[in-house]
Amino acid sequence: MPKTVIVLGGGIGGMSAAHELVERGFSVRVLERRDVPGGKARSVVVPSTVPVQNVGAVYLGRLTAPTRRDLPGEHGFRFFPRFYKHIIDTMARTPYRGSRSVAENLVDTTGTIFARFGRRALKLPTTTPSTVPELFTLVTDLESLYGTELGISPEDFAFFGERIWQILTSCSERRLDEYEKIGWWDFIGAADRSEAYQKFFGIGPTRSLVAAQARVASTKTIGDLGVQLLFNLSEPAISTDRVLNGPTNDVWIDPWLAYLRERGVDYQLNTRVHSIEMDGGVVGGVTVEHDGVITELHADYYVSALPIDVMATIVTDQVVRADPRLADIFQLSKNTAWMNGIQFYLDVDVPIGRGHQLYVDSPWALTSVSQAQFWSDVDLSRFGDGNIRGVISVVISDWDAPGLNGKPARECTRAEIRDEVWDQLARSLNVQGARVLDYQDLVHWYLDLDVDPLLKSNAEPMFVNLVDTWRLRPQPVTAIPNLFLAADYVQTVTDLATMEAANEAARRAVNGILEHSGSDASPCRLWNLHEPELLEPWRANDRARYLRGLPWDDTGVRLGLSALAALYSGSRALEDSIVNAVSSATHVEDLLTYLRTGESRSDLLQRLTSEPGAPSFDLLRAFAALTRATGSPVSSLATSTLEALSSTGRDLPKPQVSRIAPGSVRFVEP
Ligand SMILES: Cc1cc2nc3c(=O)[nH]c(=O)nc-3n(C[C@H](O)[C@H](O)[C@H](O)COP(=O)(O)OP(=O)(O)OC[C@H]3O[C@@H](n4cnc5c(N)ncnc54)[C@H](O)[C@@H]3O)c2cc1C
């Protein structure tokens with residue numbers, strides 16, 4: 001008999017858990033309160049947008065097929081950064097129309113637009129420029145960044161660059177221990193700098209990272225993810241950002257649900273979970289309501305993929321007694337914000353830009369994507385009244401700041417929200433004489449029905465990572481032996497409430513079930529965030545400093561690497577000895593002494609070999625790679641992160657290590 005699992009909630013976390021479990025032979029039932037799958041990632045049909053004559057008719061006693069569909073709406077548009085691994089892997093394992101997978105429905109974007117009220121927009125590519133015009137555009141935009149146009153001084157640019165460099169070269173232990181407790185706003189010194197600096201480096205990037213708020217988001221979260229985006233950008237011809245090529249449920253969620261059901265998952269819509277029933281120290285069942293009937297359901301394991309606000313209503317005293325850490329869910333559940341979409345349907349296509357737009361001057365923190373250009377296989381004339389040619393999908397991330405109309409979005413009627421959002425978009429796009437948006441072209445609009453302006457409520461607030469909350473977030477594997485968590489708020493490497501985090505959490509939850517049940521199925525694959533090999537010497541140095549209680553400071557490693565480079569090019573024989581001798585990043589300081597004092601090479605070697613310590617091959621590997629890539633000492637590279645990344649990072653040859661054993665490491669020319 002297969003072990004049974006009940007998954008509470010059918011969003012990305014719940015569907016991902018079901019996917020991994022059913023493929024490993026478990027009997028899975030998913031309970032979802034809505035009549036649509038996908039949770040916050042879902043797209044929806046905008047009710048009653050097909051004129052009556054097109055909804056199908058009774059003809060000779062048979063119902064004819066409707067010629068058109070209701071307009072495609074969504075809770076909020078989707079963004080799939082290149083560093084996503086977990087959710088993309090699941091998508092690649094989800095069939096689409098026979099031989100394809102839903103992952104093939106992802107389309108690269110080419111640029112992000114930072115739009116400003118009444119002024120030229122800044123366009124940044126999401127791929128490294130590969131043509132002369134692209135390069136020219138980038139250089140022109142960067143020139144204006146460095147110039148006075150943006151209002152950011154060269155000193156402030158340099159200061160921000162140093163902050164980014166600090167994150168890049170900090171070890172993970174320091175990020176978790178120290179940077180988690182520092183707000184991004186404070187880390188980048190935003191309070192003391194210009195409004196433009198605050199918008200471009202504080203508010204703008206955090207907004208694009210899903211409702212993270214610069215003033216309260218942790219430096220660890222924003223820094224870790226910023227590093228991922230930066231490194232994706234350094235890979236030529238690869239876009240950092242992707243979107244789907246059609247409405248989310250059409251091209252992803254519905255095919256996924258079909259696959260899960262085909263594999264045997266019992267995914268029940270319109271089924272609300274009321275409570276978790278404890279039986280001693282374990283979950284004994286869940287009470288659910290379907291069609292007005294209340295029943296208790298039982299399984300061997302329970303995976304809660306409910307959002308934090310709902311989870312807080314079903315965690316009882318008995319649950320907390322069985323796992324006291326789950327009491328933090330009550331405090332965490334206050335960390336939510338409103339983030340909802342509004343779509344504008346136009347009778348012309350307004351491509352704006354092939355990617356996302358960030359409206360840096362918009363008080364309501366708007367971002368958008370113009371969808372028709374990505375929906376190549378979607379015939380928009382088959383939706384609504386047949387006249388739709390363009391869809392601008394907008395997300396409102398700040399519902400508390402007063403708009404241009406003087407009111408926060410929370411206080412506005414639906415029509416006021418429509419008008420105010422349109423106004424903020426138009427002021428950002430209709431600049432320098434251009435008329436990108438024209439109200440005459442607006443045929444229809446849809447504001448997410450989760451928002452109820454009359455009740456001033458939001459049915460699905462979004463979890464946001466606040467500073468110093470990592471310690472409050474539960475792990476996917478709880479102390480209750482048959483309860484696991486698979487949602488965006490739990491501790492994951494991704495560490496930001498996203499589809500990627502929900503999927504990663506689900507995999508960790510399933511791995512917990514595999515372990516507990518003694519299953520011999522292979523565990524779900526997990527990925528770490530990418531940490532560039534190129535900067536490992538700096539991180540190793542920082543780790544050594546962190547362990548000795550010292551603050552971040554990369555002076556030693558910069559000089560130390562230069563010394564190593566000089567030694568390397570001086571003598572291969574000496575290199576062999578050093579490779580064998582240098583065993584920890586702390587030896588960088590020995591090398592520094594050599595540089596400063598003019599100590600002889602043999603004395604240095606003597607000193608290094610006298611205390612081998614723990615091996616650190618990464619330091620040497622990165623050093624060797626760097627020196628081979630540049631043929632020169634490293635210090636010139638180390639002066640600028642971006643310079644180093646763009647000039648050497650991408651073509652970095654990977655030296656082969658013939659044998660790895662303490663005392664016998666040797667680099668072989670690639
Ligand atoms: C506007 C907006 C835009 C976003 N854009 C992006 C993006 O571009 N990229 C990205 O990666 N992330 C994005 N996110 C974040 C992402 O959508 C979420 O982090 C992710 O979908 C969360 O998945 P989840 O399964 O943890 O939770 P949810 O999606 O909230 O799923 C929980 C499920 O549980 C169901 N449920 C709730 N209560 C009950 C109950 N009592 N009984 C049964 N079922 C219940 C819900 O209906 C829902 O289906 C966005 C979020 C928003 C709000």
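How many of the residues of helix H1 are buried?

**Before you start clicking**

This is a predicted model: local features need pLDDT of at least 70 and side-chain atom pairs count only at pLDDT 80 or more, while totals for chains, interfaces and linings use all residues. Residues are numbered from 1 along each chain as its sequence is written.

Show the whole chain as a cartoon. It has 22 helices and 29 strands; helices (H or I, at least four residues) and strands (E, at least two) are DSSP runs, numbered from the N terminus. Of the 670 residues, 47% are buried. A residue is buried if 20 or more other C-beta atoms lie within 10 Å of its own, exposed if 12 or fewer, and partly exposed in between, with C-beta atoms placed from the backbone. Among contacts between residues at least 6 apart in sequence, 70% join residues at least 24 apart; two residues are in contact if their C-beta atoms, placed from the backbone, lie within 7 Å.

**Stop 1: helix H1**

Select 12-22, which is H1. Here is the answer to the opening question: eleven of its eleven residues are buried. Among them are Ile12, Met15, His19 and Glu20. Now bring up what the buried residues of H1 pack against: strand S1 (4-8), strand S2 (27-31), helix H2 (86-92), helix H9 (248-262), strand S17 (301-304) and H14.

**Stop 2: the ligand**

Stay with H1 and display the ligand. Around the ligand are 37 residues, and the closest are Gly9, Gly11, Gly13, Gly39 and Gly76. A residue is near a molecule if its C-beta atom, placed from the backbone, lies within 6 Å of it. To see which elements give two or more residues to this shell, colour H1, S14, strand S19 (340-346) and helix H14 (499-517). By type, the shell splits into 18 nonpolar, eleven polar and eight charged residues. Ala, Val, Leu, Ile, Met, Phe, Trp, Tyr, Cys and Pro count as nonpolar, Asp, Glu, Lys and Arg as charged, and the others, Gly among them, as polar.

**Stop 3**

Between S14 and strand S15 (residues 282-290), count eight bridges; two strands pair if DSSP finds at least two bridges between them.

**Stop 4: the seven-stranded sheet**

Next, pick out S11-S10-S20-S21-S22-S19-S23, an open sheet with mixed pairing. Its edge strands are S11 (119-125) and S23 (442-447). At one end, strand S10 (residues 111-116) pairs with S11 in the antiparallel sense over five bridges, and threonine 112 has leucine 124 as its bridge partner in S11.

Zoom in on strand S21 (residues 366-370). Leu366, Ser368 and Ser370 lie on one side and Thr367 and Val369 on the other, and all are buried. S21 runs antiparallel to strand S20 (residues 356-359), with three bridges, and histidine 356 has valine 369 as its partner. On the other pairing, five bridges join S21 to strand S22 (residues 390-396), also antiparallel; there, threonine 367 is partnered by valine 395. The S20-S21 hairpin has six residues between the strands, and alanine 365 takes a positive phi near 55°.

**Stop 5**

Isoleucine 352 is in the loop between S19 and S20. It has a positive phi of about 55° although it is not a glycine, and it is buried, with 21 other C-beta atoms within 10 Å.

Now jump to aspartate 468, in the loop between strand S26 (462-463) and strand S27 (483-485). Its phi is positive too, about 60°. Is aspartate 468 buried or partly exposed? With 14 C-beta neighbours inside 10 Å, it counts as partly exposed.

Finish on glycine 223 in helix H8 (residues 219-233). Glycine 223 is buried, with 24 C-beta neighbours inside 10 Å. Not counting residues up to four places away in sequence, it touches Ile167, Arg175 and Tyr179. Draw a distance from glycine 223 to tyrosine 179: the C-alpha atoms are 8.6 Å apart, across 44 residues of chain.
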